[in-house]
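Take a look at the structure below, then read on.

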Amino acid sequence: MRSCSLTVATISSILAAFPQNTVSFDLNHPIINRIKHLPSIETKKPLSPEHSLTLLQAGLGDVWAGITKSPPSELDPPVSLLAGTSIDPNNPNVDLTRCYKASVDGWSATDFHRCVDGRGSAVVVALSSSSSKRFGGFNPLGWMSTDDYGSSNSAFLWFEKGGTEEVIKAPVLQGGGACLFDYATGGPCFGAGDLQIGPPQAAVMGGFAGPDMEDTSVNAGSLKVCKSSPGGAYDYVNGWPCRGSATLVEVEVYCNENVKASSSEGPSWWPF
């Protein structure tokens, strides 16, 4: 169950929105469906402010994270969408594990690459402060800080459908050309502009970037920054929760624990 701490101001503002300090719950409302352990109550039965707040905080961890700008304890990866991929949890050679968490490991693109480079295929899970919906992408090629782009027919974007925990896939367009960018000074970048998390602070021109780009820490992007305009390399699917610029409250990356980090000179992506 996800949760986060609440400030007095946040609690006050929420309680102020409750008419006469009561809440009437419609048990069929999609928001209520997100509460994991809803007590047995009758539809429309008023609850005390304390009970209402407890239910909301316990069951709407992602929403609270968006409201309070505090990271949730964990973000669940879209396991159902990973079936048949190189990190399918049902594969006996795959042990899906979190290899990066921005609020713990650091928000800089250099922190991101320190944790994920050479770890093979991975799925990104992000949460913005505005939509409070999980979204991200699957990178079958992984990252190596090459300052280059790659192509793949199996890459995809994904997002959590509003009001539910259903996850939707936005597949890469036919051909999969230039759908993955591996900037040493940037975070996960899917397409030229479909989804950029932590875009570099200066233009990247591969091997011709110049001496100013040799120190990646100088121009490293912050993964709190997200820019998205899907439809370039990936299919645009109605309901995509992040268009334009957004601020992220958490970013996580999940990979196969059995794939150990390796250098760019000789990656070993398979544990067998």
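The points below go through the aromatic contacts, grouped by topic.

This is a predicted model, and the structure holds eight aromatic pairs.

**The Y100 and F112 pair**
- Y100 and F112 make an edge-to-face pair, with 5.5 Å centre to centre and 85 degrees between the planes.
- The geometry counts as edge-to-face because planes over 60 degrees apart fall in that class.
- This pair links distant parts of the chain, since Y100 belongs to strand β3 (residues 96–101) while F112 belongs to helix α5 (residues 109–116), twelve residues apart.
- Y100 counts as buried because its relative accessibility is 1%.
- F112 is buried too, with a relative accessible area of 0%.

**The Y149 and F181 pair**
- Y149 and F181 form a tilted aromatic pair: the rings are 5.8 Å centre to centre, and there are 40 degrees between the planes.
- Here, too, distant parts of the chain are linked: Y149 is in strand β6 (residues 148–150) and F181 is in strand β9 (residues 180–182), 32 residues apart.
- F181 has 14% relative accessibility, so F181 counts as buried; the cut-off for buried is under 20%.

**A charge over a ring**
- If you look at F156, you will find K169 over the face of the ring, at 4.6 Å from the ring centre.

Notes:
Residues are numbered from 1 along each chain as its sequence is written. This is a predicted model: local features need pLDDT of at least 70, side-chain atom pairs count only at pLDDT 80 or more; totals for chains, interfaces and linings use all residues. Side-chain values use heavy atoms; hydrogens and water are left out. Rings of Phe, Tyr and Trp (its six-membered ring) pair if their centres lie within 6.5 Å; planes under 30 degrees apart count as stacked, over 60 as edge-to-face and the rest as tilted. Helices (H or I, at least four residues) and strands (E, at least two) are DSSP runs, numbered from the N terminus. Buried means under 20% relative accessible area, exposed over 50%, partly exposed in between (1.4 Å probe, protein chains only). A charge sits over a ring if NZ of Lys or CZ of Arg is within 6 Å of the ring centre and within 35 degrees of the ring normal.
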